[in-house]
Amino acid sequence: MNKIDEEGVKEDHHVTSILEDHERICWGCGLRLLLATYSPVFKCGWCGAITTQIRARKPDSVCFSRWRCIRDQFFVVLLLLFMSFVICAGVWAVYPTIFSISYFCGVFHSTITAILSFITISSFCMAAFKSAGAPVTVTWGSYPVVGKNDLENYTFCTYCEKPKPPRAHHCRSCRMCVLDMDHHCPFIGNCVGAANHRHFIIFLISVVISCFYVVTMSSYTAFQIWPPQLGSSASTDTSTVSRVVKQIITGIASSVLLLSVRGLVLLYLAFACLSADIGIAVLLWQQLYYIYEGKTYITHISSQNTGNGGCQNILRFFSCPHWAFKIFQIPANSAKLQESSSKVL
C-alpha cells in the first residue's frame, strides 16, 4: 500500500513531459525526482526541501577553530575586566567628591551606579553565555516519516549534517546553525541570534547610557580637583594669538603633571568611556535600523527582502504591550504577530 501511495505522490508532483530525464534524490524525504533539465538547486514537490549541488566550502581545520575559540574567550575576559575596572575605579575616584556635596547626592548616584552596573553585566552575561538559538530537531531522510511540506524551504547544512531552517545560518566560530543569525560578536564570544538578540541590544543600550554617565561624573569630579594652571599670568600677554594658545596649552599640560593618581584615573575614565560610547552608539544605531527594517546584518548584506519596515518591528522585537501598538497606530494583526513571536522565543 505504501508503494502505491509513493507512486501516486510521484505522479502528482513530478514533471510528466520530460525531454531529457535527470534523476535526483531529495535529501529530505528520500523520493526520487525527475527534472527536465539539470539544475544545481531544486526543490522537492512533496516535503518542500531545497537541495543544492553546489560544492560547499571545506570545514575549518581544528587549529583554526581552536584559535577562534581562544580569541573569543580572550575578548570576553578582557571586556569583563574592563567593565569591572570602570565600576571599581569610578566609585573610588568619583564618590568622595560626590559625598562631599551632600549625603543624599552620594546615595542617589550610588543607586544609579548600582542599577546601571547590574543591567550592564547581567545583559552581557545573558548575551554571551546563553544559546543564540539552535534550530529545532526535525525528522528527515525517509518518506514515511516526512509529511507534505514538513521541510518547506529547508536546506541541508553540510557542516552540521542535518536540516537547516530557512532563516538559519551556520557560524564557523560556534560551529553550529543559528536561527535569525545577525552576526558573530567576538566581544561576547557568541553569535547574536533569535534567542539572545534582545539581550545584546539591551547590553548596547546600557553601555551607551553607562559610558555617558561615567564621562559626565568623571569630568565633573576632575574639574573639582583640577590643580590651578601654572603660568596663568602669562595669558595677559596678547602679542599674538598663537602665543596665547601656546601658553594656555603649556599651563594645562603643566597642571596635568600635578594631578594625583585619582585625577589621572578620572582622565582615563573620561576619555576611554567617551571613545567606547561613540563606537557603541554607532553599533546600536545600526542594529536598531536593521530591526526597524525587519532585517538582520546577514540578510542586509545579502540583499534579501524580509518584509516591510516600520515601528511595529521594534515594538515586536522588545515584546511591547498592545497599548504601545495603539499609540503608534499599528494594526491589530501586528500585535497578534508580536504575541505569537514572543511565545516562540
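**Cysteines and salt bridges in the predicted model**

Cys29 is buried, with a relative accessibility of 2%. The structure contains zero disulfides, while the count of salt bridges comes to three.

**Cysteines**

- The cysteine sulfur closest to that of Cys29 belongs to Cys44 and lies 3.7 Å away, which is too far for a bond, because a disulfide requires the two sulfur atoms to be within 2.5 Å.
- For Cys69, the closest cysteine sulfur is that of Cys174 at 9.3 Å, again too far for a bond; Cys69 itself is partly exposed, with a relative accessible area of 37%.

**Salt bridge between Lys43 and Glu152**

- Lys43 and Glu152 meet through their side chains in a salt bridge, with an N to O distance of 2.5 Å.
- This pair links distant parts of the chain, since Lys43 sits in strand β3 (residues 41–43) and Glu152 in the loop between α3 (103–129) and β5 (155–157), 109 residues apart.
- Lys43 is partly exposed at 42% relative accessibility, and Glu152 is partly exposed at 30%.

**Salt bridge between Asp180 and Arg167**

- Asp180 and Arg167 form a salt bridge in which the closest N and O atoms are 3.6 Å apart.
- Asp180 lies in the loop between β8 (176–179) and β9 (183–185), and Arg167 in the loop between β6 (162–164) and β7 (168–171), so the pair ties together parts that are 13 residues apart in sequence.
- Asp180 is partly exposed at 26%, whereas Arg167 is exposed at 58% relative accessibility.

**Salt bridge between Arg71 and Asp72**

- Arg71 pairs with Asp72 in a salt bridge whose closest N and O atoms are 3.0 Å apart, and Asp72 is buried, with a relative accessible area of 7%.

Methods:
Residues numbered from 1 in each chain as written. Predicted model: local features only at pLDDT ≥ 70, side-chain atom pairs only at ≥ 80, totals over all residues. Heavy atoms only, no water. Buried < 20%, exposed > 50% of the residue type's maximum accessible area, 1.4 Å probe, protein only. Salt bridge = Lys/Arg side-chain N within 4 Å of Asp/Glu carboxyl O. Helix = DSSP H or I, 4+ residues; strand = E, 2+ residues; numbered from the N terminus.
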